[in-house]
Amino acid sequence: MRPSCLGIATVACVITFASMGVLSRPPAARPAAGPYKILKTARVGGEGGFDYIFADVPARRLYIPRNGPMGQVMVFNLDTLEPAGSVANVSSGGTTVDPKSHHGFSTTKPMTMWDANTLQVIKTIDVDGRPDGIIFDPFNERVWVLSHMPPYATVIDGKDGTVVGTLDLGGAPEQAVSDGKGTVYVNISDKATIAVVDAKTMTVTTHYDMSSKGMGGSGLAFDAKNHILFAYYRMPSPTVVILNADNGNIITTLPTGVGVDTVAFNPATMEAISTENAGSITFIKESSPTSFAVEQVLQTIPGAKTVALDTKTNHLLTMTAEFEPAAPNAPPGPAGRPARGPMVPGSFSILMVGRE
């Protein structure tokens with residue numbers, strides 16, 4: 001069993017994990033010191049795998065979908081991380097909420113639609129493909145369901161849960177972002193492109209080619225004020241490509257940590273933030289539309305690879321668990337993640353990150 005450091009943000013804890021070779025060591029050029037730290041760790045337990053995390057900021061709720069035989073959508077108070085209920089018997093990877101209709105949606109097959117007030121399932125929605133990522137687009141109150149196989153995107157009306165249509169994004173999508181004004185951007189992982197989509201007509205208007213800078217796309221963040229995209233790539237080395245969202249022109253690139261999954265942009269602090277499977281969070285400061293620098297690399301805990309941003313408090317929420325050592329000669333996990341054994345019972349935890 002691996003030693004437990006959950007709930008203990010200490011130097012000794014970081015040294016213990018580093019000695020096991022499970023933390024990525026940031027290059028010297030990436031500053032480790034900075035204003036962010038782990039403010040709170042809530043050991044909440046529960047069974048099942050985990051992938052995405054979602055914050056409903058107006059309702060002050062944090063949603064964590066769990067998959068597997070005991071699957072459920074775990075719900076927590078966004079301020080205290082205390083349990084606030086669950087959507088029972090829904091084994092899913094991703095979740096989002098329409099703040100107007102108060103309808104929640106989870107990436108199951110068929111998709112599951114539920115009441116965000118009562119946490120009761122309303123209905124299921126037949127979709128094709130393999131639902132994975134999901135976002136809510138406030139432009140026309142629609143839910144975008146992303147799949148790594150055709151159809152690559154299914155669009156659902158957030159008000160009544162009907163399927164509006166499907167579209168081919170030109171490859172397997174990872175994270176998507178909306179500008180709130182009729183354009184959706186999608187990081188296409190297997191083609192190293194950014195799909196630019198007209199949200200009204202549900203058509204791809206162009207692709208921005210990022211293949212000269214990286215492959216294996218993952219996270220995508222958006223600065224709405226300056227129309228800048230932050231596109232993250234895992235190969236050949238962990239990189240973020242910073243580009244003009246209007247024309248695809250590349251502004252610069254910067255290093256990130258190993259195993260970036262989902263990312264966020266905080267308009268209040270003008271920072272792009274990436275959570276990384278190897279056990280770190282990288283903060284990139286945007287000083288101007290042409291000036292960017294790695295501000296801080298915060299060591300967290302291995303496996304904390306997805307993020308939710310609380311725009312009210314500027315807190316970041318991520319999650320992870322402890323795992324038994326992998327069996328000898330075990331193959332690596334998806335996207336090159338290290339092999340690992342079973343989850344240590346009761347070890348699943350939520351991390352709240354913020355400024356000191």
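Glu-141 is buried, with a relative accessible area of 13% (buried means under 20% relative accessible area, exposed over 50% and partly exposed in between, using a 1.4 Å probe and protein chains only). This comes from a predicted model in which local features need pLDDT of at least 70 and side-chain atom pairs count only at pLDDT 80 or more, while totals for chains, interfaces and linings use all residues. Residues are numbered from 1 along each chain as its sequence is written, and side-chain values use heavy atoms, with hydrogens and water left out.

Back to Glu-141, then: this residue sits in the loop between strand E11 (131–137) and E12. Helices (H or I, at least four residues) and strands (E, at least two) are DSSP runs, numbered from the N terminus. What makes the backbone here worth a look is phi: in Glu-141, a residue other than glycine, phi is positive, near 55 degrees.

Leu-81 isn't a glycine either, and its phi is also positive, at about 65 degrees. Leu-81 belongs to the loop between strand E5 (72–77) and strand E6 (83–88). With 2% relative accessibility, Leu-81 counts as buried.

For background, most residues other than glycine have a negative phi, and most peptide bonds are trans.

Now for the peptide bonds. The one running from Pro-150 to Pro-151 is cis, and its omega is near -10 degrees. Pro-151 falls in the loop that links strand E12 (142–147) with strand E13 (153–157). Met-235 and Pro-236 are joined by a cis peptide bond too, with omega about -5 degrees. Pro-236 can be found in the loop between strand E20 (228–235) and strand E21 (239–244).
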